[in-house]
Amino acid sequence: MNDLAQNATPPTRTTCPYCGVGCGVLASPMPDGSVSIAGDPDHPANLGRLCSKGAALGETVGLEERLLHPAIEGERVSWDAALTAVAERFSAAVRDHGPDAVAFYCSGQLLTEDYYVANKLMKGFIGSANIDTNSRLCMSSSVAGHVRAFGADHVPVSYEDMEAADLVVLVGSNLAWCHPVLYQRLVAAKAARPAMRVVVIDPRRSATCDIADLHLALAADGDVPLFLGLLAHLHRAGATDPAFLDAHTTGFGAALGEALALTACDLEAATGLSAPDLLAFFDLVAQTPRTVTLWSQGANQSASGTDKVNAIVNCHLATGRIGKPGAGPFSITGQPNAMGGREVGGLANMLAAHMAIENPAHREIVRTFWNAPSLSEKPGLKAVDLFRAVADGRIKALWIMGTNPVVSMPDADAIKAALAACPFVVVSEASATADTLAFAHVALPAAAWGEKNGTVTNSERRISRQRPFLDMPGEARPDWWILSAVARRMGFRNAFAYHTPAEIFAEHAALTAFRNEAATSRDLDLGALAGLDAAAYEALAPLRWPLSARAAAPARSFADGRFFHADGRARLVPVAPPKRDAASGFTLNTGRVRDHWHTMTRTGLSPRLSAHIAEPFLEIHPEDAAALGLADADLARLSSPHGEATLRCLVTDRGRRGAVFAPMHWTAAYAPSGRVDALVEPRTDPVSGQPALKASRVSVERYPAAWYGFLVSTRKPEPLSVAGYHALARTRGGWRAEIAGATRLADPAAVAAALLGAEPTEPGLLSYDDAATGSHRFALVRDGRLDGALWLSPQPVAVSRAFAAEKLGATLTALDRARLLAGRGGADGPDKGAIVCSCMNIGANDILAAMAKGAVSVEAVAAQTRAGTNCGSCRSEIRALLARAAEPRETVQLA
Ligand SMILES: Nc1nc2c(c(=O)[nH]1)N[C@H]1C(S)=C(S)[C@@H](COP(=O)(O)OP(=O)(O)OC[C@H]3O[C@@H](n4cnc5c(=O)[nH]c(N)nc54)[C@H](O)[C@@H]3O)O[C@H]1N2
Ligand SMILES: Nc1nc2c(c(=O)[nH]1)N[C@H]1C(S)=C(S)[C@@H](COP(=O)(O)OP(=O)(O)OC[C@H]3O[C@@H](n4cnc5c(=O)[nH]c(N)nc54)[C@H](O)[C@@H]3O)O[C@H]1N2
Ligand code: SF4
Ligand SMILES: [Mo]
């Protein structure tokens, strides 16, 4: 995989642009234009490891779908014209309607330097706090929970603490798929110390349950009651730490009062868990001082998200399990720079450098440091409210950067309507196919990963550099450059006279240390980096903060029992169980798959990553499916008061009855009816404003398919509008698509010719009609090679996707042609089945074959097939195959 040895220039040390683990990457542009990627063995986050997404980064840096030039109303313009237009329209809106008539909507994928400039411009110079970010959808409940408990948004735990714990409790985290390298570290730690215990708390039996000693498949939003029950149990079992509570906290009495108010009966009803399961969990926690509780979106993305966070933190404070090795509450971040965004104050209710906008002393510090003419005095609109203000005309000019809200916001069709109605929308984007770009009056081409230069902070507060190793293509520019250029055109010349990201970083670091003298006054202190010059910035090694200029960094956060509230104490927050609605229908849970990233503008470019799961799907319990007359691989139509979606059924008992799960990734660009956020209700947590993305009410019915189809083609198939449903994916050598329609096809041959780009009478267009089953098969052969193939059937198409995709572009034998029309592999070309290992392109059937030959362990499978030998992200799936020894799915490629 790694061709570094062939390359003369040393690789560039950079950081992965995907998840919050923040792995170090060595990137080397190769003479043939490709990029070789390897894990950085010296980076403390990953020590050389990468997951499937990181390992495939080289497949995502091409220019195929890049936005390369600024445009106004779709017409290419100069940068000067575009920047001037943005500055004039924003200035005019502020002049005519006041500063709160404009807004920025940013992203945890911006670099710290970009984010710093955006926040400074909006809060300090435009004079509004209407800058919010996709981190509102991601981390804001944790931010609010930390601030309530600790007096600052401080994450006290490190990856090493997780490895050193005797018990790791994962709450609403599918770590195996979403933070795969951290998961591998956990797997390795448990293998080295088998006494370690892992508990997974998730309504679904996710891939992460592979290493769980205990999986609590709780009911949606059962977390607050569960941790209330735990607090009561810790109290009764004498596992609390009265000395710690006494010396370092307030609020225990009230928090315990809420916990004791919950009866055992209430607890079982609210969590959906049995008494023995609850007791097993409670006992394990009570007996294990070195406990790390790690949580993610199953906690944050909820109407009770902030309370969930505090219910968890309360248990750590009550037992004094915080500020100690191998113990603590660990909110793990999703995006590569969610933490950096929080550090510069990129949320509408924060200021900068972890200061609070409501705090006059903090405002004075920032006003003075920035020499800001009109520092905002009050919090701005949070994402959901911000788009409501766009919809009802209060926002006259909106700038979206580094996020794709018409796909990722709840009530996503309403977001489209809001943008369509907004007088002025600016979108800074790297991809020309991002759905949100369709609503831009001004489109600005942003530099992307591999080109941009700056810093990110990972989940354990470690700042790492992203360094460029590719030239910026076309007219793409870094986000900080674009923002600074607009700021200067708005008249703020001196404050935004930046030439390099190093200057911006040094200013940010200086602000964190400005009037931050007393030992506990503000947690974020990067004073040691305030004077950083260009060379030192260039060479900056990955570092965990605080990095104070005046004092040695404390060995460990909260080790001295001092917190950031004015009284120096932590607060236990009394939380009550959420009210439960008794509405009918299904609870729609949403989340991620292993090999796609968010709205797929990057991972969708990679054939390797697209092979794992190539289509949006719906996990539904067998009993629910049977009641609805739905079988595996049928299509289901979902509807809610907000919108609709059509998804492929994956009938599985890994979820609870009455609950369905769908991935968030698919967009209009890949599967127009797979945009699940069209269904999701814009209900938010009352404290954090984070939307409840994991528990919408939906109804499910069968999509009345008259026919189903599957095709592969060397060209992007058009027009897919013949199909009521389609899902496109890249595959080696071209494209594949799942299609279906509700009305019978009058002329299948004509459809085939159109979709495959063939003349209806072209001799190379082979066809086979099977009257018995009503199915039709077509193969287009040009110059002896397979140019495309289409299968149509009244039932879900039972053709081996891997075999069809593999033959695309290949020279065909007579036997191949026969097999293609039959849709199966043959003895000499076995059908791989669903791809499990995307690095090595190994399918489920390859693994089953190895098992048939006697492989009984992941290692033995790896030795025979090479599956799992590169990044290791697929090992939990291999283990699951070993455990189930089940048949692979033929018709749909789902893990
Ligand atoms: N492959 C991949 N990795 C990613 C990303 C990606 O797009 N793709 N995105 C990154 C980002 S930005 C983020 S935020 C993280 C997210 O990382 P995770 O939070 O781990 O991922 P999700 O799949 O969103 O949700 C996690 C789990 O929460 C469970 N859940 C749902 N409701 C509840 C509940 O009420 N209680 C509990 N306890 N659990 C519940 C779901 O069943 C799901 O398995 O992943 C990051 N890593
Ligand atoms: N139903 C449901 N919805 C969800 C979630 C869920 O679990 N369920 N999760 C939520 C969470 S946690 C998150 S983090 C969001 C993520 O949702 P989004 O932020 O909308 O997802 P991305 O696809 O990462 O969007 C990033 C965009 O920035 C572009 N881009 C890439 N690099 C750059 C750059 O350097 N500069 C600029 N200007 N643009 C760039 C990309 O092409 C892409 O269009 O989704 C949220 N929505
Ligand atoms: S775990 Fe994977 S996606 Fe996350 S930072 Fe590491 S290589 Fe990137
Ligand atoms: Mo996220």
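How far does a polar side-chain atom of Q109 lie from an oxygen atom of ligand 2? The separation is 2.7 Å, in a predicted model where local features need pLDDT of at least 70, side-chain atom pairs count only at pLDDT 80 or more, and totals for chains, interfaces and linings use all residues. Side-chain values use heavy atoms, without hydrogens and water, residues are numbered from 1 along each chain as its sequence is written, and chains are lettered from A and ligands numbered from 1 in the order in which they are written.

**Ligand 2**
- Q109, S408, E429, K452 and T599 come nearest among the 30 residues around ligand 2 (near: a heavy atom within 4 Å).
- A polar side-chain atom of T599 is 2.5 Å from an oxygen atom of ligand 2, and a backbone N or O atom of A447 is 2.9 Å from one.
- Taken alone, ligand 2 exposes 910 Å², and the protein buries 98% of that (Shrake-Rupley method, 1.4 Å probe).
- Because domain 2 (71–138 + 337–544) and domain 4 (587–695) both give residues to its shell, ligand 2 lies between them (bounds from an automatic or database domain assignment).

**Ligand 3**
- The residues surrounding ligand 3 include C16, C19, C23 and C51.
- Both α1 (52–55) and α7 (180–192) supply at least two residues of this shell (helices are DSSP runs of H or I, at least four residues, numbered from the N terminus).

**Domain layout**
- The C-alpha centres of domain 3 and domain 5 are 50 Å apart; these domains span 140–331 and 707–822.

Terms used:
Polar contact = N/O pair within 3.5 Å; in protein donor to acceptor, adjacent residues only side chain to side chain.
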